[in-house]
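Please consult the sequence and the structure shown below while reading.

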Amino acid sequence: MKNRTLRLVLGDQLNEQHSWFSQTDNNVTYVMMEVLGETNYVKHHIQKVCGFFGAMRAFCDRMRQAGHRFIYLTLDSPDNAQSFEENILRLISHHHISRFEYQEPDEYRLDRLLADFAASLPIPTSAVDSEHFLAPRNIFSTVFRKDQNPLMETFYRYMRRQTGILMDGHKPLSGRWNYDAENRKSLPKDIQVPNHLNFAHDVSDITDMIAVMKVETIGNIEAKNFPWPLTRGEALRLLDFFLSDCLAKFGAYQDAMHSDHAFIFHSRLSFAMNIKLIGPDEVLKKTLQFWEANTETVDIAQVEGFIRQILGWREFMRGVYWHYMPGYQELNHLGHEAKLPAFFWTGDTRMNCLHHAIKQSLDHAYAHHIQRLMVTGNFANLLGVHPDAVDEWYLGIYIDAIQWVEITNTRGMSQFADGGITATKPYVSSANYINKMSNYCKSCFYNNKQRYGEGACPFNSLYWDYFERHRDKLANNPRIGMAYRNLARMAPEELAAIRKQAAIYRANADNL
Ligand code: FAD
Ligand code: SF4
């Protein structure tokens with residue numbers, strides 16, 4: 001009897017460059033499947049479901065055209081048992097499969113599920129690398145000592161040295177590792193923000209199917225004008241667009257927020273990268289090539305700012321995930337227990353910054369980093385929302401949300417629920433920061449200067465109250481000494497009024 005191999009390709013493993021696909025083999029059958037378990041474990045944004053299914057279907061078509069044997073189970077296929085294991089067992093028996101292979105999943109839950117399932121099979125199995133990331137899963141054991149807290153800056157410099165990117169021998173190119181200080185500008189009035197690429201796909205077959213299958217989703221979609229890239233070619237076009245139209249201003253305005261512009265100079269590449277349409281190595285290579293050809297118009301601060309995100313933050317978060325899971329998903333360092341306010345699902349709040357960040361997330365399944373960190377994340381943290389509820393929201397609403405990169409950013413970086421693994425201090429702020437980096441406060445119902453009393457901005461009282469409430473866990477952190485020094489200088493009656501205001505806002509969070 002012939003050796004027949006079945007290979008599973010998951011929805012975020014759409015890597016045409018993977019060595020699996022370097023040659024065709026009639027004894028190898030690939031399987032891809034849309035299953036209810038994956039659409040229903042949280043309520044996902046409708047664009048996220050369409051993005052994943054649309055890209056999976058396009059990948060399967062391209063691979064078939066290239067001569068590979070693919071079985072594709074749509075969500076509504078009568079043959080679909082809606083579980084990876086049951087579908088695979090049926091295919092093994094039906095196609096007389098003698099070997100099962102899969103690529104290592106990026107998600108801990110699936111990694112365990114597939115490892116246990118493979119171990120239970122009576123045929124040989126193997127798990128291979130997904131050939132996407134720059135560093136291995138267990139990179140932290142190489143970079144950090146056991147007793148050392150993983151610092152992103154240390155990790156980033158290690159990656160720069162390892163790859164030689166932006167290096168001049170052993171030293172950083174032009175003498176500096178980091179241009180963060182230059183990269184904190186708000187958006188000037190007269191600046192030209194590009195019209196971002198829209199791939200205008202028609203995904204109405206998918207929206208129709210998920211309605212029939214009663215998949216509950218959140219957010220909005222124009223099904224005949226779906227903007228996100230669904231193929232490798234489109235992802236490469238998006239990268240080219242970013243390089244030609246955005247990179248020159250990326251770093252300077254990467255923290256800026258504006259009510260008229262959702263994407264500013266951001267790349268919108270996270271979805272394409274996270275489902276592996278393109279890899280971080282090629283993004284970095286093309287960025288450096290582009291820079292070499294355009295040094296007169298693109299300065300190093302912009303390039304370093306972008307490279308830091310891919311070579312640094314993205315790989316660092318993956319390192320955190322595999323080093324600290326599964327315990328990481330239980331962490332709640334600050335003991336937060338509050339509910340997520342109902343307006344997170346609608347955007348209906350008088351707080352203009354939250355209104356815009358949430359509305360935009362519902363419309364585009366996208367918000368850029370500072371909106372996620374310093375508006376929605378900041379507010380949930382100041383309010384004391386349970387990190388499970390915050391994670392659920394972030395995992396559902398963003399098109400790029402996959403647990404390894406969502407939970408580390410949300411529970412860790414934005415909620416400080418990991419007690420300082422990803423960030424050395426909580427990323428919280430009063431209205432001052434939001435006002436500096438955006439135009440939101442100018443047309444807000446609340447007064448960004450006021451700490452208490454009618455119309456006072458909720459961020460202000462909640463901010464000071466947060467440090468008071470968490471004095472036992474935070475006061476000794478040298479990076480936030482300034483906040484405690486300011487609190488010490490505050491008149492007792494001022495602090496009492498602020499805390500009273502914060503208590504009122506916390507009790508009425510749904511109606512702010
Ligand atoms: P750009 O600003 O153009 O940045 C370029 C690329 O750098 C991104 O595409 C992304 O791949 C990478 N990158 C930048 N920052 C980070 C980071 N902190 N961690 C990992 N990669 C980074 N990113 C996700 O991909 N999925 C998520 O689910 C996710 N959830 C987040 C939740 C919170 C609370 C926060 C604060 C951040 C989250 N991020 C997440 C990181 C970041 O916000 C997004 O990667 C970025 O906004 C995606 O938009 P972009 O492609 O235009 O990014
Ligand atoms: Fe947000 Fe406060 Fe500014 Fe309003 S005043 S936009 S609530 S920071």
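**Cavities, a pocket and a helix pair**

The lining of the second largest cavity comprises ten nonpolar and two polar residues, with no charged residues. The model is a predicted one. Three cavities of 30 Å³ or more are counted in it.

**Second largest cavity**

- The volume of the second largest cavity is about 80 Å³.
- Its lining consists of Met351, Asn352, Cys353, Ala431, Ile434, Tyr440, Cys441, Cys444, Tyr446, Asn448, Cys457 and Phe459.
- Two elements, helix H13 (352–364) and helix H17 (431–437), each give two or more residues to this lining.

**Largest cavity**

- The largest cavity holds about 410 Å³ of space.
- It is lined by 23 residues, of which Gly11, Asp12, Glu38, Tyr41 and Phe52 are the closest to its centre.
- Helix H1 (36–40) and helix H2 (46–65) are the elements that supply two or more residues to the lining of the largest cavity.
- H2 accounts for the largest share of that lining, with five residues.
- Sorted by class, the lining of the largest cavity has 14 nonpolar, three polar and six charged residues.

**Second largest pocket**

- A volume of about 290 Å³ is found for the second largest pocket.
- Among the 14 residues lining the second largest pocket, Val42, Gln329, Asp391, Leu395 and Gln403 are the closest to its centre.
- Helix H4 (108–120), helix H15 (387–397) and helix H16 (403–414) are the elements giving two or more residues to the lining of this pocket.
- Seven charged residues occur in the lining of the second largest pocket, together with five nonpolar and two polar ones.
- Domain 1 (5–128) and domain 3 (342–511) each provide at least three residues to the lining of the second largest pocket.

**Packing of helices H11 and H12**

- Helix H11 (residues 280–293) packs with helix H12 (residues 300–324) at an angle of about 170°, and their axes lie 11 Å apart.
- Because of this angle, H11 is roughly antiparallel to H12.
- On the H11 side, the contact is made by Pro280, Val283, Leu284, Thr287, Leu288 and Trp291.
- On the H12 side, the contact is made by Ile300, Val303, Phe306, Ile307, Ile310, Leu311, Arg314 and Glu315.
- By class, eleven nonpolar, one polar and two charged residues form the contact of H11 with H12.

Key. Residues are numbered from 1 along each chain as its sequence is written. Chains are lettered from A and ligands numbered from 1 in the order in which they are written. This is a predicted model: local features need pLDDT of at least 70, side-chain atom pairs count only at pLDDT 80 or more; totals for chains, interfaces and linings use all residues. Side-chain values use heavy atoms; hydrogens and water are left out. On a 1 Å grid over the protein atoms alone, a cavity is a set of points where a 1.4 Å probe fits but cannot get out, and a pocket is an open set with protein on both sides within 12 Å along at least five of seven lines; lining residues have an atom within 4 Å of a point. Grid points are joined across faces, edges and corners, and a volume is the space filled by probe spheres set on the points. Helices (H or I, at least four residues) and strands (E, at least two) are DSSP runs, numbered from the N terminus. Ala, Val, Leu, Ile, Met, Phe, Trp, Tyr, Cys and Pro count as nonpolar, Asp, Glu, Lys and Arg as charged, and the others, Gly among them, as polar. Domain bounds come from an automatic or database domain assignment. Axes are lines fitted to C-alpha atoms, for helices over the stretch in contact, and angles run from 0 to 180 degrees between N-to-C directions. Angles under 35 degrees count as roughly parallel, over 145 as roughly antiparallel, 65 to 115 as roughly perpendicular and the rest as oblique. Contact means heavy atoms within 4.5 Å.
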